[in-house]
Amino acid sequence: MSANDYILPRVTPLSAAYWEGCRIGELRLQHCLDCGHVQLPPRFHCTRCRGSRLEWRASSGRGRVESFTWIHIPLAEAWAHEVPYAVALIRLEEGPMMMSNLRECSESQLSVGLEVTVTFEARNETIHLPQFRPAGEEEVTP
Amino acid sequence: MTKGRGQVAIVGAADTAVGKITDLDCQALCAVAAEKALADAGLNFADVDGLVTCNAMSQPFLYPAEALAEYLQIFPNYCVGLGAGGAAAVSVIQHAALAIEAGLCETVLITMADRLRSGLTREQARQMQSAAGHPEFETPYGPSAPALYALVAQAHMHAYGTSREALAAVAVTMREHAGLHPGAQKRDPISIEDVLSSRPVATPLNVLDCSLVSDGGAAIVLTSAERARNLRQPAVFLLGSGEGHSHEHLSAAHDLTRSAAVESGRQAYARAGLGPKDIDVAGLYDCFTPVVLVLLEDLGLCPRGESGAFVLDGGIRLGGALPVNPHGGLLSHCHPGNPGSMFHVTEMVTQLRGQAGKRQVPNAEVALVHAQGGTLSSHSTLILGSEATR
């Protein structure tokens, strides 16, 4: 890996459907057909009822910021040109929490509770990383 | 009170020099710490029939405990290499005590060391940084280790109105304490203003909210209470212990401001037959300033949501309501990685023996040690007591 490359996710047999969804602009979550539990990361079984009848469904892509940080000292060289960059924990409408970056968002705009919506960033041909931006960005007048 | 209370004692404890160490590797540091701790106990390597260690990131072995036994040329009946991140050094004591109570061995040497400051290759340092996040669902977003704790700090500030100054006050107190320890890595006093104006790392955390990067090691010797009576030092008894595990990666945490330290502490208190009010001095894991706030609340050492005010009022200072980390903790004494919380243990032993000199907490009879690994993920609590508490 060269120093200028982002660290890419290592796709597993269980997560292939997740990354395939991202590639076509869908944030997919595992739904349990027995108890209705929704989960991410993908697993072999439902962590609530331990059933194994799981189905991938597209998320609304909407969520709220539970916490965030602006990183000034990057994890690796690849992020150096972005500092400060925002890493946030986002509670999706369907229930699961996920980590992501906030895009198109200023330091003054980002706060706990901010409503956000998913967007995808191509890192290579197969990996399109889900990212988030403030919801209703379009309505904001300059 | 439960079976096992006070049946095992810490009879020897020692630290190596810390900071920057260029003349010894990790195994040699383990050996130095071991030799000092055994001498402290009035024992020698021939008395050791159990060995516990954790892997050194800068000098990893496939089977670290076996490799260390080989290095020391000791041949124990019980030999364990344990990994639970920062919680390992406290968790091992519970494991070692169980082995002694079960009769698998009588005297366990726990020794660990690492050289994060001068022993890591560039590649090892890079791998260590990126190992904190989930490789598939977190690391691709570029979270550094401090960033994960910054997410905890931000959530605590939002939930309870905790001030930025309260975080800084943790660092200031640790530095003040380290100034009283001749061996501490950082001893020059700092102010809240110094912390707030230090280099930003991941908001709200600055460099002075982050623990040190150190070389160093420490060892303790554990044996049966019966045998402890005839040894050199006043024995420090293990009154209770507990563990709690809620997640490994922060995005899987069920609560960002309440950790499994609650469960870990509850077990330790119940086994010791004691409560938060009985604690005279505490060794709390302090890799980043917000961790101390969360642990104070989770362990019932101050009311939920009030840790910020507690710390700003001087609650964790020597002379305060509950002195925390009189040696200066990971923030100012040293943080060589996995062995980091060993220094909290050796400090609590020193305090309960009444041997802490200028930083002695008067009449310290009961001490609590708590360490965590991951990002508030794995937790281990010990309650230690002097002869009077047994």
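**Reading strands, a core and a chain contact**

Strand 1 (residues 28-32) of chain A pairs with strand 2 of chain A in the antiparallel sense, over 2 bridges.

Trainee: What kind of model is this, and how are residues and chains labelled?

Mentor: This is a predicted model, in which local features need pLDDT of at least 70 and side-chain atom pairs count only at pLDDT 80 or more, while totals for chains, interfaces and linings use all residues. Residues are numbered from 1 along each chain as its sequence is written, and chains are lettered from A and ligands numbered from 1 in the order in which they are written.

Trainee: When do two strands pair, and what order do the strands of the sheet in chain A have?

Mentor: Strands (E, at least two residues) and helices (H or I, at least four) are DSSP runs numbered from the N terminus. Two strands pair if DSSP finds at least two bridges between them. In chain A, 3 strands form an open sheet with antiparallel pairing and the order 2-1-3. Strand 2 (38-39) and strand 3 (54-58) are its edge strands, each pairing on one side only. Within strand 2, A:V38 stands opposite A:H31.

Trainee: How is burial read, and which residues of strand 9 of chain B are buried?

Mentor: Count the other C-beta atoms within 10 Å of a residue's own, with C-beta atoms placed from the backbone: 20 or more is buried, 12 or fewer is exposed, and in between is partly exposed. Strand 9 (residues 281-284) of chain B is covered on both faces, with B:V281 and B:G283 buried on one side and B:A282 and B:L284 on the other. Strand 9 pairs with strand 10 (residues 366-373) of chain B in the parallel sense over 4 bridges, and B:V281 stands opposite B:A367.

Trainee: Which residues touch the most other members of the largest nonpolar core?

Mentor: A nonpolar core joins buried Ala, Val, Leu, Ile, Met, Phe, Trp, Tyr and Cys residues through C-beta atoms within 7 Å. The largest has 161 residues, of which B:L222, B:A367 and B:L384 touch the most other members.

Trainee: Why is A:P9 called buried, and which residues does A:P9 touch?

Mentor: A:P9 is buried because 21 other C-beta atoms lie within 10 Å. Two residues are in contact if their C-beta atoms lie within 7 Å. Leaving out residues up to four places away in sequence, A:P9 touches A:I127, B:E136 and B:P140.

Trainee: How many residues does each chain bring to the contact?

Mentor: Chain A brings 29 residues and chain B 25. Helix 5 of chain B gives the most to the chain B side, with 6 residues.
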